[in-house]
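User: I have a model open and want to go through its side-chain contacts. Can you take my questions as they come?

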Amino acid sequence: MSPDELVYLGILAASIPIGFLFRYPSPPVKQGAALLLGLSITIATCQVHALHSLVTVLGTWIIIKSSWRSAPALSLAWTFLYLLFFRLVTWFGLPPPTPFANAIQLLLTLKMVSLANEVQSFHLEKKQEVSSFSKSPVVGGLSQEPSLYDMIAYSYCYVGIMTGPFFRFQTYVDWLRQPSSLDLPGWVPCMLRLRLVPVYGALFLTANMYFPLAYVRTEEFLEHHFFFRLFYMTVVFFVFRMRFYAAWCGAEAGCISAGLGCYPEGALSKPGGGPTVNYSPDPESPVVYDFKTIQNIDPYNTDFCVKVRHGMRYWNMTVQWWLHHYIYPNSPFKAYALKAGWTMFISAYWHGLHAGYYLSFLTIPLCIAAESAMEASVRAKLGPRGQSAFDWVHWFLKMRAYDYMCMGFVLLKASDTVHYWTSIYFIIHIIALACILFGRLMKGGKRERKKSEKEEKIEGEKKEVKQEDVREKTE
């Protein structure tokens, strides 16, 4: 493990026991202590580069105060343009930011855009309440516009400051105002989330030791058999998954210990978004709580869901919620594949400027189009057993597609990514294009069959009319 990874691990490990201490203080003390701890982590790991995050927060506050109506679009433009400057600071003669500053900046970007949307919703709901003389039915809305101190405290809250998960400002406020925090579940869900972390960590270290990523860039790698080169991407993606499973489960445990994102099960919370219904528990029955609001990874479904599109739902779940609510609906395109492509492009940009991100993320819409074509042209025509067999093949190809795309994500450079994909003959791109072509041919054949059946029906009707005319003449 690198020194930076050891620092991440140390922060994650320390946040879990510290979180239990945050169940004791009052809301103002909790807010101030969480801010102080978060700022300390930021300054210690980022040093002067901590100013980048502060500038981002102040810029967003000015936007919200100047024009809450346009705040969502302006904050998105501001934070994403600042991300560009942040990544190109060396062009301006400034020192490159630390990896820790990059991690904080990424999560802060999500928070600021989300906060701008929450403030806009607050003002719109307030206007609606005044005009209709009734309380807004919107779930999880703000009760007041946050102050600059509130924004800074939210931005630098120590919980998930580097590793996530993302959470909305309203989730943060609910955490500060939690009644009876000590009575909420803590140890049991925390231990349940941590139970497999040692397994993930051991598998990551072992597989990474025997199958290092750097080997892919060597000439010796190309001398191996095609199937070895193909197999290597499977191990690389396995290492990638184990690393993030361990990190995100640990990050979730830090949220659970502090009580962040704890809501009754009846609130039907969504990862990243929080409660989706107004829930009033029955005072005579015990309330069951969950931490779905801060759930960032579902390892089982990530590995065993069937479809490419479903795989995205269970990976980095809070960020997926953010993309689905703030990027996907505002896409300039209408077709699903194009909207998905736009969302993946924004996701790639958020991750960084390396070409490997774009090569990987923009392969996802192609794979989605391929699986949609095959489902419509093949699976829909099969019986139960045939569909079960189809799903197993679909799952296998889904995993290989993510193996393939992961290589671009970790190799980063366009030359390295294309070099590897060339070594395995762009196999996933070829399979995806073949599936799309096959689906269209089958769909075209179906249209031709329908057309011929329609023509035969018309011809039959014409013959019946002629026979009736003949009978009438003979009579």
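User: What does Arg-217 form a salt bridge with?
Analyst: Arg-217 pairs with Asp-416, with the closest N and O atoms 3.0 Å apart. A salt bridge here is a side-chain nitrogen of Lys or Arg within 4 Å of a carboxyl oxygen of Asp or Glu. This is a predicted model, where local features need pLDDT of at least 70 and side-chain atom pairs count only at pLDDT 80 or more, while totals for chains, interfaces and linings use all residues. Residues are numbered from 1 along each chain as its sequence is written, and side-chain values use heavy atoms, leaving out hydrogens and water.

User: Where do those two sit?
Analyst: Arg-217 is in the loop between helix H9 (197–210) and helix H10 (219–222), and Asp-416 is in helix H19 (residues 414–423), 199 residues apart. Helices are DSSP runs (H or I, at least four residues), numbered from the N terminus.

User: How many salt bridges overall?
Analyst: The count is 10. Among them is Glu-5 with Arg-243, at 3.3 Å from N to O. That pair links helix H1 to helix H11 (residues 226–258), across 238 residues.
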